[in-house]
Amino acid sequence: MALQGSLHEFALWEIVQLLSSQKKTGCLSLRNNQEAVSIYFLDGRIAGAREPGLAPNDPLMRFLRRVRWLSEEQLRGIESLNAESGRDLVDLLINGRYVAAEELESLYERMVLDLIFRMLRWESGDYSFSAVVPPESALRISLSTDSILMEAARRVDEYKRQLQQLPDGHLILGLRELPDPDSPLSDEEKELFGLVDSKRTLAEIVQEAPTTDYEAMEGLARLLECRWIEIVGKREVGGEVREELLPVPGVSRTKEFVLTGMLAGLALLLLLITAPLRSPIAPSGLPPDRDLDQRSRWNDVTMALEVYKAEKGAYPAQLDDLVQSEWLHANQLKFDGYDLRYIRANDGSTYRLSAAKK
Amino acid sequence: MPKLAVSPRLVRRTRFLAAAGALVFVLLLGASRSSAHTAPTVTAPPKTAPTLPPAPPTNRNDLTEWLEYQRALGSPSLPAVAQLFYRRGVETLRSGGSEDGVRMLRGSCQLDPTFLAPRVALLSFFGTRDVSQSLMELARIVDLAKTYFPFQHYLTIQLAYHGALVLFLATLLAALYVAWLRREAVRHAYAEFLSQFLSQRLAAVSSWALLALPFLVGIGLALPTLFTLGAAWPSLRKSERAIAFLLLGFLVLLPLGYASVSPLCYPDHPQRAPFYGTSDLANAPSTPERLAELEKLVADHPDNPFLHFSTAWMAYRGGDYDLARSEFQATQKLWPNEPRIPNNLGNLAEIGGRNDEAERMYHLASALDPSWAMPHYNLGQLYTREFRYAQASEELARAASFDFDLVRNLQAEAQLHPGDPLPPAWGWLGPNTFWDAMLSEPATPSTMPVPASWRGWLELRGRSVFWVTLLCALLGIALGTLIRTRLPVRQCSNCENAVCRRCASRRRDQVFCAGCSASLREASTPEFARLLLARRRRTVRRASGRWRTAFSTVLPGLGPVFVDRLGLAWGALVLGMAGLTGFVGTPGPFPYDPRVGPLSSMHFNWAAFALLCLALAISLVTYLALRGPDKLREVEPESIKRAVARVPRAA
């Protein structure tokens, strides 16, 4: 046994850093009361995190089930194949075309990240390092310990912040508003929307989300920050799952009558309030020849009189003659608040036009 | 024989100089002939008492006699007679007498050179018959617009008024279309709210009533539209919000802007500064009554140069040269840099036989405006009478080079009566003088803040509605925010029907209406789900497609709105509203020609109607070209895959 001890004495990140700086090759085994994890190193880089074959607690199998990458049916099929042939899980996944090698590499990295993140949160445990050669696998893994540790440390910090936002797993989350169709959303976040239904608790959503626990929490925290979801309540420990929303209670005739009356009253109120706006603007009260608006019409009348005289040699006997001779329309002789008074000299050579108040 | 290469510019210049030379020669000849009849020495000043006016023609139907009468009066405009012959010309043209009709219309133009209607009638008559004549009429109208202040004023105000009205109407209609398209965002929220208290059916009916209520209380269309757009604000796209802002801007700024410039928007009024009804006196006949009115106004407003100038002008036209001289001198004290005053004073001095004074005045006028032809022309006339032909030739050539048309017109006028002395050129105030005075006149508070034709538009009444407009916009946005907070309304991811979280079926980040959700439930595979959703989308679209096509055919600008081209829709609406207002002849703040005879009737403008049709065609073609088989947003296949996976299967 080259290296062993308690995690109280050496933290995980110190051990991994040591192995990385010494470019060690071997297997780091970690164990606490609930879980045992093996991480293989090759020249100081992470080369794997699982035993060959398909152990009952195979971390990759568990991860694929957790993120629902494969259906239960597919996973059962893989298990039976392994039982019959004893082939490695990675071999079965790639050669059985369940997942492409590139995709599996990405999934493996997510799995290792999740493992390290979880182990960093262990409060106690033992470790041991033995110098063994990592087992051969259909998928060659070589992850930088530095980047993995940095990302895991970031996740630990973020997780603390997320716990401040969502401190209790019994909180019930509800939808506040769906994002605009153009909002940038990851596929995992879109998945989370389907689970936020004002019935499930935070713990249930995280459990049911097709992501790792941290990814689910990170997604929910972002949705909460964007105000797309909200905390709608809290389920008491041991409480019942809330069923469908209560149906809208039936409405009574009286209520309907009252509300309809209120709507009609609103219409009447609006009519009354807006009445001053609808009232016509009062005319200036000035006689037409001085009123700015009516002066052009007054000029029309005087011009028509002059044209009539030019045509006939004398002014008309009465203003209606202008209408009959089609020089003016009848409405051109009407002025706001005033009547026209027209007096012509007997010989038709002069006239006097004035406006008298009605 | 080889041709010489001569530049067109040189040819034009040579022709111009030849024409100017010929004209100068004719003028000198005419002047020498006239000077042979009149003594070159100082003569007794003409009598200041006005002579008896000539009698009007006995045959009132004879255009020639009227034109003779006008010349006998000293060529003032005779607007009433011009109206008479305009009507006769129009009636003659309608009855098929083209030659007589055109003659009468042209006579009408001569009788009143500022009368626009006969020129427009000639322009439209020749438009399809003789394009060159039509272009000449157009040139005369343009010339009138360049030189005559009341016409410039009318055109400016008309353009501003109609431009503002067209833009406002286009924006209002675009906003109405948007409000109609987004109505469900508001109505659905109303219905959901009311369904807490009313039965579903009554809630639906009442939600429609609430939506329509603002439009029915009689406060016009713009304010309710603004309110509805505010309420639908969270659902609006950027371009739709821009239209809402534009509408608010028009409602707020149009009356305020108008109120600030309202003194500019009325024609010259006899009781209003700064012109006191003098802006159109250039060709007006002089009457003792008018002169007396002007003298009274001068006494009341001794510091108003327009009144002094107009009094002098009327006095000169009436033959009262002493009064004219004293008033021109009074104007000169107020406007020392106005070249027309020394020019006119020079004319008066020449008439009075004070040639030295006249020469000095003409020189002063040409010094004040060296590129103005009139003092050079008058100086040329003066020199000719004094037998100083070399100087006269030089001055006349200079005048012709500055303003060939002026010299030619004066010469043409002189040729009507061979033997008479060539008339001196009198200068009326240029449009710039009027504009400067009008713009520098302090704004007087107007009792009528908007033109009469706008008062039917409640929204544009001005300050009284200003606060109501802002209140409507704020109330609408407050309601929209409340809806957004309490019950956000979204569009179905598949068919774009309005749904809220109470009535929507949600699949991950997608929301579906009840119909689409039912389609989704029927599917057992994602591919089948896509097929069903597409089928439902087509069904919904086909149902709305019929009325969309129908309305796009009759309403300009609506088609582009349906295919999300709001900018194009607004452009088409501007075009359409310009056509519509032109077609029905929306009255402006004031008319230019008096509305007498044919002008008192409403005439449809079919050219403007063509513009309206063009706008309709643009919007319809845009709609038909862009609507496509199915332009609605497709739900992502991956989303459907996940959605189907989570849908509980029917047994």
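## Chain contact and local features

Chain B and chain A together bury about 5,100 Å², and carbon and sulfur atoms account for 59% of that area. The model is a predicted one. Chain A brings 59 residues to the contact, and chain B brings 56 residues.

Between chain B and chain A the count of salt bridges is 2. In a salt bridge, the side chain of R87(B) meets that of E311(A), with an N to O distance of 4.0 Å.

Charge also gathers on the surface of chain B. A patch of positive charge there is made up of R535(B), R538(B), R542(B) and R546(B). Of these residues, R542(B) belongs to helix α23 of chain B, which covers residues 526-554.

Two backbone features can be listed by residue. The peptide bond that joins A273(B) to P274(B) is cis, and P274(B) sits in a loop of chain B that runs between α11 and α12. In chain A, R227(A) has a positive phi although the residue is not glycine. R227(A) is placed in the loop between α9 and β7 of chain A.

| Residue | Backbone angle | Loop lies between |
|---|---|---|
| P274(B) | omega near 0° for the bond from A273(B) | α11 (238-261) and α12 (288-300) of chain B |

Terms used: Residues are numbered from 1 along each chain as its sequence is written. Chains are lettered from A and ligands numbered from 1 in the order in which they are written. This is a predicted model: local features need pLDDT of at least 70, side-chain atom pairs count only at pLDDT 80 or more; totals for chains, interfaces and linings use all residues. Side-chain values use heavy atoms; hydrogens and water are left out. Patches are made of residues with over 30% relative accessible area and no salt bridge: like charges are joined within 9 Å, nonpolar side chains (Val, Leu, Ile, Met, Phe, Trp, Tyr) within 5 Å. Accessible areas come from the Shrake-Rupley method with a 1.4 Å probe; for residues, only the protein chains shown count as cover. Lys and Arg count as positive and Asp and Glu as negative; His and the chain ends are not counted. The place of a charge is taken as NZ of Lys, CZ of Arg, CG of Asp or CD of Glu. Helices (H or I, at least four residues) and strands (E, at least two) are DSSP runs, numbered from the N terminus. Contact means heavy atoms within 4.5 Å. Buried area is the accessible area (1.4 Å probe) that two parts lose on being put together, summed over both.
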